[in-house]
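Dear colleague,

I am passing the structure below on to you, together with notes on what was found in it. Please read the notes with the coordinates open beside them.

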Protein chains: 2
Amino acid sequence: MTTDGGREKPGDVVIGVDIGGTNSVVGFVNEAGTLLLHGRFPTMAHRSAGEFVPRLSEVIGELKQELPAGSRVRAIVIASPAANARNGTVDNPANFKWGRVDLVGMMKKTFDVPISIMNDSDAALLGETRYGVAQGLTNVLLITLGTGLGAGIMMDGRLVQGAHGAAGEFGHMTIIPGGRQCACGRRGCVESYVSASGICRTTFELLEQSREESSLRDLSFETLTAEKVHQCAVKGDPIAKAALEETGKSLGMMLANIVAAFDPEAIVLCGGLVNAGELLIAPARKAFESNVLERYRSTVSILVSRLNNGQAAILGASCQVLDTLYDNSYIKETQP
Amino acid sequence: MTTDGGREKPGDVVIGVDIGGTNSVVGFVNEAGTLLLHGRFPTMAHRSAGEFVPRLSEVIGELKQELPAGSRVRAIVIASPAANARNGTVDNPANFKWGRVDLVGMMKKTFDVPISIMNDSDAALLGETRYGVAQGLTNVLLITLGTGLGAGIMMDGRLVQGAHGAAGEFGHMTIIPGGRQCACGRRGCVESYVSASGICRTTFELLEQSREESSLRDLSFETLTAEKVHQCAVKGDPIAKAALEETGKSLGMMLANIVAAFDPEAIVLCGGLVNAGELLIAPARKAFESNVLERYRSTVSILVSRLNNGQAAILGASCQVLDTLYDNSYIKETQP
């Protein structure tokens with residue numbers, strides 16, 4: 001990522017927005033691809049989109065005050081779950097109480113610039129291949145491990161979005177036939193094992209199966225969170241550690257399956273769950289190695305994102321807009 | 001497929017070859033994409049490639065005699081399992097005793113024309129989208145159900161081959177964790193359930209589980225074939241019918257998983273097993289419907305190839321070469 005390329009033309013910026021299940025992030029990116037300013041606010045996904053938009057507009061307005069005089073906002077690009085790039089809508093994102101909303105239309109009432117929307121995982125994938133751990137790679141899968149399990153797919157340098165923009169639903173591939181009931185209504189989906197709620201369910205399964213002491217025995221199903229499991233695991237709680245290990249194992253099995261489908265050179269893991277670090281990632285790598293078809297064993301790297309939460313998506317979304325606004329080679333040349 | 005476009009310029013042909021596990025097919029295709037001549041011979045995959053090449057060359061030579069005088073062979077393109085298009089080799093195809101061979105190099109000793117090689121499933125997919133049941137579609141998966149389970153992937157009109165040409169190994173995605181041992185050494189792979197040998201294994205499982213009478217009880221594991229199971233099923237044998245139904249069920253479950261990964265508009269099923277028709281396909285569709293994520297239920301068509309065995313691959317491989325030899329719009333314009 002460049003750190004000063006934009007100062008020459010401080011006037012031109014693209015605003016990137018990453019809408020997350022918990023927090024949303026706004027970033028102002030200059031034409032060199034530098035993140036100049038950013039702000040964060042709670043999404044409050046349990047409320048309506050009609051309440052969200054004014055709060056987002058307010059944060060954008062506040063950040064705008066900090067831009068040097070003469071600055072010009074060229075475009076706004078929003079990275080959102082369940083984004084429909086074709087018609088500018090957000091279509092029933094899981095874990096949101098939004099339903100289907102014309103987010104671009106709503107934003108246009110306040111902002112008189114081109115506004116576009118794209119899938120958050122696709123945006124993060126572009127960010128990772130341009131500025132992150134997958135820099136320069138062209139066959140990459142990105143897995144977002146958070147409330148749910150999202151994914152982005154790049155093959156031959158192009159995003160693969162499927163016939164209706166719905167490719168990459170790896171969370172709803174079946175991993176255990178007849179297994180846990182998933183939020184989608186089916187059984188045995190990857191997401192019901194490998195996600196924040198999946199970790200909690202595995203914790204409860206282990207509390208039931210084992211007789212080992214654990215501070216997690218004091219928590220109800222409703223109060224348990226993946227973060228608490230992680231905190232307890234760090235302190236050495238055996239059930240918490242085992243829950244992360246089991247989750248990693250399921251993750252590794254899923255990765256082996258999608259590698260057989262896509263033959264990528266790398267998989268980037270990101271999202272809240274990767275904060276658990278090696279407690280989750282080490283068993284995932286181990287399960288991947290022992291489950292993957294021999295021919296792929298040495299050809300694919302499992303990478304963990306090092307960009308801050310939301311930053312990959314903001315940079316990725318912005319660079320796609322910048323590529324169309326300016327000559328994309330310009331950005332590439334200014335890379336350090 | 002055009003049927004007469006080529007007569008105007010009878011002199012220019014491309015030779016397409018489809019190497020199958022049992023039989024290989026050679027076809028002469030004119031520049032309008034019409035299959036003018038074709039011949040078939042047993043592959044004898046249990047013998048070496050050094051023995052195969054002279055037999056292939058002989059069939060090509062014989063067909064060449066039938067071309068009108070003044071004809072000119074412009075190129076040879078070979079569709080093969082485990083093809084490595086980049087260096088012209090065939091790399092250890094499963095169920096072949098070939099090892100890794102420089103097939104293009106071997107053919108060049110006899111034929112002084114450009115020779116190329118491509119994955120057989122990719123070739124069949126191109127054939128199906130140009131001339132077959134998926135004509136005009138651009139987001140399509142093709143599944144070849146034969147000795148093994150092969151696949152081709154087209155997204156946004158382009159073949160997706162992965163970082164090392166090894167995408168589409170759907171047969172080696174895990175469907176039953178800890179399940180049947182697969183030829184690849186792992187357990188629970190789709191291919192150990194959904195393939196010719198998978199049908200035979202399921203038949204034996206059912207013979208063991210049930211007490212129902214069946215003519216299949218007279219056959220040993222070594223003498224049982226998928227074709228015999230099909231023949232018995234047609235005659236109403238309950239075990240044979242159940243074996244095809246179970247196989248279809250596993251196929252449908254796999255289709256639900258790969259649809260979640262790729263979001264295609266269609267899946268084309270081809271290969272020897274689809275000869276079982278609705279005995280296999282109806283349960284596959286049913287299992288697909290009940291396993292697929294709601295959002296895909298009405299967006300994807302499961303189609304069965306209607307092109308003869310090998311024809312799709314020969315036409316697909318040839319049309320890719322024709323597209324580079326001639327203006328590809330020419331071929332499109334001559335379509336009926």
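In chain A, the axes of helix 3 (residues 120–131) and helix 8 (residues 311–325) come within 6 Å and cross at roughly 80°, where axes are lines fitted to C-alpha atoms, for helices over the stretch in contact, and angles run from 0 to 180 degrees between N-to-C directions. Helix 3 and helix 8 of chain A are therefore roughly perpendicular to each other, on a scale in which angles under 35 degrees count as roughly parallel, over 145 as roughly antiparallel, 65 to 115 as roughly perpendicular and the rest as oblique. Helices (H or I, at least four residues) and strands (E, at least two) are DSSP runs, numbered from the N terminus.

Before going further, please note that this is a predicted model, in which local features need pLDDT of at least 70 and side-chain atom pairs count only at pLDDT 80 or more, while totals for chains, interfaces and linings use all residues. Residues are numbered from 1 along each chain as its sequence is written, chains are lettered from A and ligands numbered from 1 in the order in which they are written, and side-chain values use heavy atoms, with hydrogens and water left out.

As for the two chains, a rotation of 180° with 0.0 Å of shift along its axis superposes chain A on chain B, with an RMSD of 0.0 Å. The two copies are thus related as by a two-fold rotation axis; the superposition is by least squares on the C-alpha atoms of residues with pLDDT of at least 70 in both. Of the interface residues of chain A, 100% are also interface residues in chain B, so the copies meet through the same surface.

Helix 5 of chain A (residues 226–234) has as its buried residues A:Ala226, A:Val229, A:His230, A:Cys232 and A:Ala233. They cover an arc of only 165° around the axis, which puts them on the same side of helix 5 of chain A, the arc being that of the directions from the helix axis to the C-beta atoms. On the other side of this helix, A:Glu227 and A:Val234 are exposed; buried means under 20% relative accessible area, exposed over 50% and partly exposed in between (1.4 Å probe, protein chains only). The cover over the buried residues of helix 5 of chain A includes helix 4 (196–209), helix 6 (238–262) and helix 7 (278–291) of chain A. Just after helix 5 of chain A, A:Gly236 takes a positive phi of about 95°.

In chain B, strand 2 (residues 23–30) has 7 of its 8 residues buried, so it is largely enclosed by the rest of the structure. Strand 2 of chain B pairs in the antiparallel sense over 7 bridges with strand 1 (residues 12–19) of chain B, and also over 7 bridges, in the antiparallel sense, with strand 3 (residues 35–42) of chain B; two strands pair if DSSP finds at least two bridges between them. Strands 1 and 2 of chain B form a hairpin with 3 residues between them, and B:Ile19 has B:Ser24 as its bridge partner in strand 2 of chain B. The hairpin of strands 2 and 3 of chain B has 4 residues between the strands, and B:Gly33 takes a positive phi near 85° there.

Chain B also holds an open sheet of 5 strands in the order 11-10-9-12-13, with mixed pairing. Strand 11 (158–159) and strand 13 (301–304) of chain B stand at the edges, each with a single partner strand, so one side of each is left without a neighbour in the sheet. Strands 12 and 13 of chain B pair in the parallel sense over 4 bridges, with B:Ala266 opposite B:Ser301 in strand 13 of chain B.

Lastly, two residues other than glycine deserve a look. A:Met44 has a positive phi of about 50° and is partly exposed, with a relative accessible area of 25%, whereas B:Asp263, whose phi is also positive and near 50°, counts as buried at 1% relative accessibility.

With best wishes

Definitions and conventions:
Contact means heavy atoms within 4.5 Å.
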